[in-house]
Amino acid sequence: MSTSVARARWIGFQTIILREFGRILRIWGQTIVPSAVTAALYFVIFGTLIGRRIGQMDGVDYMQYIAPGLIMMAVITNAYANVSSSFFGAKFQRFLEEISVSPMPDWLVVLGYVAGGVLRGLLVGLAVTIISLVFTHLPVHHVLVILAAVLLTAVVFSLAGFINGVFAKNFDQVNWIPTFILTPLTYFGGVFYSINLLPPWAQSLSHANPVLHMVNAFRYGFLGRSDVDVLLAFAIMLGAAVILFGVALTLMRRGTGLRD
Amino acid sequence: MQALEVRNLVKQYRNGVQALKGIDLNVAQGDFFALLGPNGAGKSTLIGICTSLVNKTSGSLKVFGHDLDTELEAAKACIGVVPQELNLNQFETCETIVVNQAGFYGIPRRLAHERAEKYLSQLSLWDKRHKMARTLSGGMKRRLMIARALMHEPRLLILDEPTAGVDIEIRRSMWDFLRELNQGGTTIILTTHYLEEAETLCRNIAIIDRGRIAEADRMDRLLLKLHTESFVLSVRAPLAAAPTVAGYEVRWLDPHTLEVEISKTQTLNEVFSQLTASGIEVVSMRNKVNRLEEIFMRLVDKSGSPA
């Protein structure tokens with residue numbers, strides 16, 4: 001690949017990210033604020049009011065215990081929602097054709113949209129982190145684990161959102177997966193409790209939930225505690241990212257949902 | 001070099017409709033080429049395949065020698081497209097839309113801003129650069145799509161009905177702009193329902209009907225193929241019936257209007273002489289239909305398709 005082609009691709013990639021960033025800022029009331037407000041409410045209700053009665057979870061203050069989970073929940077939902085709605089919106093209004101007719105290769109288009117999702121996930125994650133610091137203290141056990149876990153999780157759910165956006169034929173279909181799959185997976189993914197509280201069969205079932213591994217790897221980075229093997233969690237995240245990227249790329253190359 | 005070479009191009013949609021039935025087409029570099037056809041003839045499918053928005057079923061397509069199957073990115077870099085349907089991000093400003101489009105083609109941001117000023121100014125949109133696309137009128141949106149398509153300065157510009165719904169004044173200014181662009185070396189393929197537009201602007205033409213090329217020729221040669229023309233004459237004094245003009249078919253339309261059909265071997269002078277001899281004064285005359293329209297209708301009628 002010549003330098004000029006690489007440079008052109010880099011500019012194209014940057015352009016998608018800039019456009020996504022512009023969109024995130026333009027509709028900040030929909031993209032940034034809701035998750036921050038929801039997180040604040042969780043801290044007030046589950047942390048301050050109910051958490052006081054719970055006391056400790058897995059050896060740490062309950063508020064401190066749920067903070068990494070709430071941050072990760074915001075990252076997951078926002079990374080997913082950003083890509084699914086932005087890609088579907090571009091498809092629906094047909095301005096995705098601006099990119100489709102350009103010489104940008106399919107893999108770069110996927111990466112550009114995923115980068116947009118990761119950006120929003122991290123921005124909202126940062127906002128929720130700041131809010132959590134108002135309510136509790138968050139120690140840092142292993143900063144690289146924190147960064148790797150949040151980045152990989154954002155990538156995985158951005159890719160999942162991309163695939164949703166490709167298949168969606170209307171706005172209802174953009175919302176189905178978050179409502180009926182993502183939210184239950186997140187709530188049962190160890191955000192609010194340790195799975196050690198569950199009966200053995202429920203613990204086994206919980207291990208099949210990828211969100212449990214993501215949340216716990218992230219929590220391990222802060223608190224040094226996890227319900228799962230952190231290495232296995234990273235293997236799952238990496239595996240999911242590779243598989244989902246392959247699926248997204250195949251769909252783009254076939255033109256599924258885009259070209260007849 | 002050919003700007004576009006299409007060989008045996010076939011497109012069959014999943015619902016079984018065969019939109020293109022083995023199209024062969026050449027568009028020379030620097031040409032201003034008209035692609036005409038009735039609705040559903042396959043024009044937009046052909047353009048869709050050229051711009052990679054539609055998958056072909058079989059056949060080959062080259063853009064400035066770059067095969068779409070093997071050199072897709074190089075082929076795409078040569079093409080700028082103005083689609084028939086509006087496909088603007090309604091919530092972005094005009095300047096953002098065109099600058100982003102340049103970015104997708106790898107144009108550095110500084111150069112993109114310079115070109116944005118150039119093309120938005122040329123299309124009388126520079127003062128609207130901070131306006132969101134949704135606030136523009138239909139004609140402005142069309143011009144914005146042209147500016148967007150030009151941001152990477154394509155060698156081949158494909159315009160799918162660019163002046164649809166645009167008022168006559170803006171349409172004429174767009175014609176001037178496109179002519180200048182073509183004179184500057186850009187090859188242009190134009191589809192339009194305004195046949196006057198094609199006749200005025202284009203040097204070569206292909207008429208596509210029901211997935212096949214019904215005719216492909218130079219515009220002047222195609223117009224010569226029209227063997228008869230009909231003229232509408234307005235007469236000063238009212239007539240109760242069509243006058244007799246030896247050797248010509250004259251139809252009475254109303255007391256002040258006659259229609260006369262002239263073949264290539266006949267002359268209007270003869271008609272006027274005979275009418276004058278009969279004491280009939282002609283005050284004005286016009287072509288019954290545009291010449292290209294006449295040919296178009298005949299070609300399309302011949303193949304039995306609705307116009």
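Modeller: I would begin with a pair of strands in chain B: β3 (residues 32-36) and β8 (residues 187-191) pair in the parallel sense over 3 bridges. Please keep in mind throughout that this is a predicted model.

Biologist: Which residue of β8(B) does B:Phe33 stand opposite?

Modeller: B:Phe33 faces B:Ile189 in that strand.

Biologist: What is the strand order of the sheet of 6 strands in chain B?

Modeller: The order is β6-β7-β8-β3-β9-β10 in chain B; the sheet is open and its pairing is mixed. Its edges are formed by β6 (79-82) and β10 (212-218) of chain B, each of which pairs on one side only. On average, and with direction ignored, neighbouring strands of this sheet are turned by 15 degrees against each other.

Biologist: Which strands does helix α5 of chain B touch where it packs on the sheet?

Modeller: Helix α5 (residues 138-150) of chain B touches β6 and β7 (156-160) of chain B. The direction of this helix makes about 170 degrees with that of β6(B).

Biologist: And at the other end, how do β9(B) and β10(B) pair?

Modeller: Strand β9 (residues 204-209) of chain B pairs with β10(B) in the antiparallel sense, over 6 bridges. Within β10(B), B:Ile213 is the bridge partner of B:Ile208. The two strands form a hairpin with 2 residues between them, in which B:Arg210 takes a positive phi near 45 degrees.

Biologist: Back to α5(B). At what angle does α3(B) pack with it?

Modeller: The angle is about 30 degrees, and the axes of α3(B) and α5(B) lie 8 Å apart. With that angle, α3(B) is therefore roughly parallel to α5(B). Their crossing is right-handed.

Biologist: Which residues meet there?

Modeller: From α3(B) come B:Cys94, B:Ile97, B:Val98 and B:Gln101, and they meet B:Leu144, B:Ala147 and B:Arg148 of α5(B). By class, this contact has 5 nonpolar, 1 polar and 1 charged residues.

Biologist: What about the sheet of 4 strands in chain B: what is its order?

Modeller: That sheet runs β12-β13-β11-β14 in chain B, is open and has antiparallel pairing. The edge strands, each pairing on one side only, are β12 (249-254) and β14 (282-287) of chain B. Its neighbouring strands are turned by 25 degrees against each other on average, direction ignored.

Biologist: How many bridges join β11(B) and β14(B)?

Modeller: There are 5 bridges between β11 (residues 228-235) of chain B and β14(B), which pair in the antiparallel sense. One residue to look at is B:Val232, which stands opposite B:Arg286 in β14(B).

Biologist: Changing topic to chain A: at what angle do α4(A) and α8(A) cross?

Modeller: The axes of helix α4 (residues 62-92) and helix α8 (residues 171-187) of chain A cross at roughly 170 degrees and come within 11 Å. Helix α4(A) is therefore roughly antiparallel to α8(A). The crossing of α4(A) and α8(A) is right-handed.

Biologist: Which residues of α8(A) take part?

Modeller: They are A:Val174, A:Pro178, A:Leu182 and A:Thr186. The residues they meet in α4(A) include A:Met73, A:Ile76, A:Tyr80 and A:Phe88. The residues of this contact divide into 8 nonpolar, 4 polar and no charged.

Biologist: Is the crossing of α10(A) and α11(A) left-handed or right-handed?

Modeller: The crossing of α10(A) and α11(A) is left-handed. The axes of helix α10 (residues 210-223) and helix α11 (residues 230-254) of chain A come within 9 Å and cross at roughly 125 degrees. That angle makes α10(A) oblique to α11(A).

Biologist: Now the two chains together: how many residues does each give to the contact?

Modeller: Chain A gives 24 residues and chain B gives 26 residues. On the side of chain A, the elements that give two or more residues are α1 (3-26) and α5 (97-100) of chain A. The largest share of that side, 9 residues, comes from α1(A). By class, the side of chain A that touches chain B has 8 nonpolar, 7 polar and 9 charged residues.

Biologist: What ipTM does the predictor give the complex?

Modeller: The predictor gives an ipTM of 0.91, together with a pTM of 0.87.

Biologist: And which element of chain B has the lowest mean pLDDT?

Modeller: That is helix α10 (residues 291-302) of chain B, at 70, whereas helix α3 (residues 94-104) of chain B has the highest, at 98. For chain B the mean pLDDT is 91, and 96% of its residues reach 70 or more.

Terms used:
Residues numbered from 1 in each chain as written. Chains lettered and ligands numbered in written order. Predicted model: local features only at pLDDT ≥ 70, side-chain atom pairs only at ≥ 80, totals over all residues. Pairing = 2+ DSSP bridges. Axes fitted to C-alpha atoms, helices over the stretch in contact; angles between N-to-C directions. Contact = placed C-beta atoms within 7 Å. Parallel < 35°, antiparallel > 145°, perpendicular 65-115°, else oblique. Left-handed = near helix turned anticlockwise from the far one by under 90°. Nonpolar A, V, L, I, M, F, W, Y, C, P; charged D, E, K, R; others polar. pLDDT = per-residue confidence, 0-100.
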